[in-house]
Amino acid sequence: MLALSRKKNEAIIVNNDIEITVLDIRGDQVKIGIAAPKEVPIYRKEVYLQIQQENKESQEATDVAGVDELKKLLG
């Protein structure tokens, strides 16, 4: 992990097309702004992890249903 120090209104650039700017600092909270191409998905980590878990559960349910359907077809 790269750790950088930034002050309010300072930014970093990622991959030539993503800019992350420190917008505000209040106590232990930092507000950041992210400018990125529309095709780049941006999620808070807790939301991203929830999406990944739901995708995994959905895939597992689909896999089980597919196996059951195949067993029925093969008799």
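Buried means under 20% relative accessible area, exposed means over 50%, and partly exposed lies in between. The model discussed here is predicted.

Q: Is Tyr43 buried, partly exposed or exposed, and at what relative accessibility?
A: The class of a residue follows from its relative accessible area, with partly exposed lying between the buried limit of 20% and the exposed limit of 50%. Tyr43 therefore counts as partly exposed, its relative accessibility being 47%.

Q: Which residues form an aromatic pair that is tilted?
A: A search of the whole structure finds one aromatic pair. Its centres are 6.3 Å apart, with 35 degrees between the planes, and it is formed by Tyr43 and Tyr48.

Q: What is the relative accessible area of Tyr48?
A: Tyr48 is a member of the aromatic pair with Tyr43. Tyr48 is partly exposed, and its relative accessible area is 39%.

Q: Which strand gives the largest share of the nonpolar patch?
A: A nonpolar surface patch of about 430 Å² is made by Ile25, Val30, Ile32, Ile34 and Ile42. Ile32, one of these residues, is partly exposed at a relative accessible area of 47% and is found in strand 3. Three residues, the largest share of the patch, come from residues 29-35, which form strand 3.

Q: Is Asp24 buried or exposed?
A: Asp24 has its place in strand 2, residues 18-26. Its relative accessible area is 16%, so Asp24 is buried.

Q: With which side chain does the side chain of Asp24 make a polar contact?
A: Leaving aside neighbours within four places in sequence, Asp24 is in contact with Lys8, Gln29, Val30 and Lys31. The polar contact of its side chain, at 2.8 Å, is with the side chain of Arg26.

Notes:
Residues are numbered from 1 along each chain as its sequence is written. This is a predicted model: local features need pLDDT of at least 70, side-chain atom pairs count only at pLDDT 80 or more; totals for chains, interfaces and linings use all residues. Side-chain values use heavy atoms; hydrogens and water are left out. Patches are made of residues with over 30% relative accessible area and no salt bridge: like charges are joined within 9 Å, nonpolar side chains (Val, Leu, Ile, Met, Phe, Trp, Tyr) within 5 Å. Accessible areas come from the Shrake-Rupley method with a 1.4 Å probe; for residues, only the protein chains shown count as cover. A salt bridge is a side-chain nitrogen of Lys or Arg within 4 Å of a carboxyl oxygen of Asp or Glu. Helices (H or I, at least four residues) and strands (E, at least two) are DSSP runs, numbered from the N terminus. Buried means under 20% relative accessible area, exposed over 50%, partly exposed in between (1.4 Å probe, protein chains only). A polar contact is a pair of N or O atoms within 3.5 Å; within protein, one must be able to donate a hydrogen and the other to accept it, and residues adjacent in sequence count only if both atoms are side-chain atoms. Contact means heavy atoms within 4.5 Å. Rings of Phe, Tyr and Trp (its six-membered ring) pair if their centres lie within 6.5 Å; planes under 30 degrees apart count as stacked, over 60 as edge-to-face and the rest as tilted.
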